[in-house]
Each structure stands twice: as C-alpha cells, then as structure tokens.
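Reader: I'd like to go through the labels on this one and hear what backs each of them up. Can we take them one at a time?

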Amino acid sequence: MKVPFTLDDVRRAAEGLKGVALRTPVLENPDVNAMLGGRLLLKCENLQRTGAFKIRGAYTRMRGLSAEERALGAVSYSSGNHALGLAKAAQLLESSSVIVMPSDAPRAKIDAVRAMGAEIVTYDRDTEASADVVACVVEQSGRIEVPPSAHPQVLAGAATAALELSEQAGPLDAVVIPCGGGGLTAATAGVMAEAAPGCAVYAAEPTLFDDTKRSLEAGERLANPVGQRSICDAIMTPIPGELTFAINRELLAGGVTATDDEVRAAMRFAFTHFRIVAEPGAVVGLAAILAGRVPVQDRSIATVITGGNIDTQRYAALLGEDPLDA
C-alpha cells in the first residue's frame with residue numbers, strides 16, 4: 001500500500017505545529033546503556049502539551065479544516081489522550097469538540113477533557129461500538145470527525161514525532177512503538193521507510209490486546225476478545241484500524257507484547273533511571289525492550305514514551321506505593 005503521506009507532508013505539518021506542539025527531548029542514560037550493552041533512547045512525548053503525542057495529529061487535521069467546517073466543530077472517540085489533544089486543538093482554533101469516551105476511562109482523563117471545554121458522550125466498550133456513537137453524533141450535529149489515526153493529515157501530524165526522533169537520535173537499528181489503533185506505529189514506519197530505511201519498526205502491545213501482532217502474523221485484521229482488561233487503558237483498542245493496518249502490514253518488522261507486570265516494571269524503570277512519569281500504555285515498548293523481545297546488545301534502540309496522563313493516586317497504586325509515602 002502507498003503510505004498516504006510523504007516526508008514533505010510531515011515537514012509541512014511540523015511547520016504548522018510550531019508554537020503549538022513541543023519538540024520533545026530524547027533521553028539517554030549511559031549507565032542504562034552499560035547495563036543493557038547497547039544504546040536505549042526514549043522519545044518523551046509524555047512531556048508534550050496535553051501530556052501525549054496526540055495533539056500533533058489532532059491539531060494538524062483541525063488546522064486543515066475550512067472555516068465552515070471549524071464552525072461546525074469536531075467529534076471523535078478516545079479513551080483519553082486523543083480526546084485531550086482534540087479538545088485543546090479545538091480550543092486553540094476557536095472551534096468546539098464532542099468526545100465519545102468509554103465509560104470506564106480513567107476519571108482524571110474524563111475530567112481533564114471536560115475542563116478543556118469538550119462535551120463528553122460515554123459508551124460501554126463491551127456492548128457498544130464507538131464508531132456507531134460517533135456516526136450518530138455526526139448525523140445529528142453535522143460535526144466533522146477527526147479520528148485518532150485514520151486520516152492522512154492526522155497521520156502526518158503524528159509522524160512529526162518520528163521525524164524529530166530520526167533527527168535527534170542519529171542512526172537507529174530499531175524503534176518500538178506502543179500500539180493501539182496503530183496510528184503512531186504507521187506514522188513512524190512511514191517516516192523511517194524514507195528517512196532511515198535500515199531502521200526496523202515494531203508495534204508493542206499489552207499481552208491481552210495483541211490484535212496488531214496477531215493480525216500481522218495472520219495477514220488480516222483480527223479483533224481482540226470482548227471483556228478483557230489491561231492497565232494500559234490508552235491502547236485497549238478492539239481491532240487494528242483499516243488504514244493503519246494496511247500500512248503496518250507492509251512496513252513493520254513485527255509485533256511484540258508485554259504483560260501488565262512488565263509494564264509496571266517499565267514504569268518504575270522510567271522513573272528510576274530517567275526521572276520521568278509515564279502512563280502504562282506509554283511504556284509498553286520500553287517493557288518489551290527490557291523483557292528482551294527487542295535485543296539492545298550492540299545496537300541502538302529507541303521507543304516513544306507516548307503519554308504521561310495519569311493521576312498521582314493511580315500511579316502510586318500501580319507501582320505498589322502508598323500515595324502518602326510516594
């Protein structure tokens with residue numbers, strides 16, 4: 001499949017994001033490198049505006065709307081990070097947003113999205129399809145859907161993180177991307193295919209939500225079983241996106257997974273060795289690397305820490321600490 005954006009599209013998106021999205025740092029710790037026997041680099045999108053990379057794609061898409069479309073406002077579905085990015089993008093562009101969120105999304109994320117002026121519509125992720133709820137909102141209001149990944153402008157915006165990484169990190173052997181619907185994974189794979197063709201790109205998922213890994217192995221999109229849960233709420237998606245999977249099937253080196261316990265260990269590792277706070281879904285790539293599923297020995301491996309939207313109580317609970325002593 002032809003990737004629906006070019007490096008020139010990504011560079012234009014980066015220009016449009018100046019003054020809106022941050023050029024986030026890439027962290028490296030020589031003591032960690034000595035421990036692992038190679039280079040480990042973390043692209044810290046947890047330090048991004050709204051706490052995740054998602055504002056890059058949301059703002060790029062909304063910036064591309066006509067004045068008439070912006071007046072109608074945007075709608076999308078999200079468990080939190082795309083919701084926050086889209087709500088902020090709509091606010092900055094003097095538009096409005098409706099966000100369809102699962103009823104079991106973390107309360108802190110729901111409250112933060114509402115605080116940015118977005119209207120929230122909840123749904124049951126086990127019995128309802130978010131796409132159906134979004135379609136109902138579109139039909140009733142005429143709002144423009146700004147999906148988390150399934151649009152060339154959203155992908156080009158997300159790809160600006162990968163372009164920055166390629167510029168900041170130097171030559172890389174592999175990049176491991178936390179994967180839900182597959183947007184950032186596809187965006188990264190598209191950038192690396194042009195900017196660093198020798199760099200392998202892997203999708204990283206929670207063990208119970210490994211739909212992309214299984215789909216890559218089967219050659220077709222496979223869904224996750226209904227009713228499962230993971231601490232990685234941000235990437236608990238039901239099935240790979242149609243557009244993003246078409247890209248990932250062609251460009252990815254493969255998929256890897258991490259258990260919830262390995263994710264907790266990666267959260268501790270990120271805090272202990274890099275002094276960063278990350279939400280669970282954001283460190284699935286790091287967890288898979290630390291578990292040895294993408295070898296670091298004598299290699300340069302990067303992962304994107306995709307978000308840091310987690311409240312202190314939940315963060316402390318997941319790491320097994322008493323909030324009063326943390």
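Predicted model: local features only at pLDDT ≥ 70, side-chain atom pairs only at ≥ 80, totals over all residues.

Reader: Where does E69 lie?

Author: E69 lies in helix 4, residues 67–72. Its C-alpha atom is separated by 6.7 Å from that of I144, a residue 75 places away along the chain.

Reader: I144 is in strand 6, and how do you know that strand 3 and strand 6 pair?

Author: Pairing takes at least two bridges, and 2 bridges join strand 3 (residues 74–77) to strand 6, therefore they count as paired. The two strands run parallel. I144 is the bridge partner of A74.

Reader: What makes strand 5 and strand 6 edge strands?

Author: The open sheet has 4 strands in the order 5-4-3-6, with parallel pairing. Strand 5 and strand 6 (144–145) each have a single partner strand, so one side of each is left without a neighbour in the sheet. As for what lies across the sheet strands, helix 6 (residues 107–115) lies across strand 4 (97–102) and strand 5, running at about 175° to strand 4.

Reader: Now R125: why is its link to D104 called a polar contact?

Author: The cut-off is 3.5 Å for a pair of N or O atoms. The side chains of R125 and D104 come to 3.0 Å, so the pair is within that limit and counts as a polar contact. The side chain of R125 also has a polar atom 3.2 Å from the backbone oxygen of M236.

Reader: Where is R125, and which residues is it in contact with?

Author: R125 sits in the loop between strand 5 (119–123) and helix 7 (130–141). Leaving aside neighbours within four places in sequence, R125 is in contact with S79, P102, D104, R229, D233 and M236.

Reader: Why does R275 count as exposed?

Author: Exposed means over 50%, and R275 is at 61% relative accessibility, so R275 counts as exposed. R275 is in the loop between helix 12 (260–274) and helix 13 (284–290). Its phi is near 60°, a positive value in a residue other than glycine.

Reader: And what makes D298 exposed?

Author: D298 is at 67% relative accessibility, so it passes the 50% cut-off and counts as exposed. D298 is found in the loop between helix 13 and strand 10 (300–305), and its phi is near 60°, a positive value in a residue other than glycine.

Key
Residues numbered from 1 in each chain as written. Heavy atoms only, no water. Polar contact = N/O pair within 3.5 Å; in protein donor to acceptor, adjacent residues only side chain to side chain. Contact = heavy atoms within 4.5 Å. Buried < 20%, exposed > 50% of the residue type's maximum accessible area, 1.4 Å probe, protein only. Axes fitted to C-alpha atoms, helices over the stretch in contact; angles between N-to-C directions.
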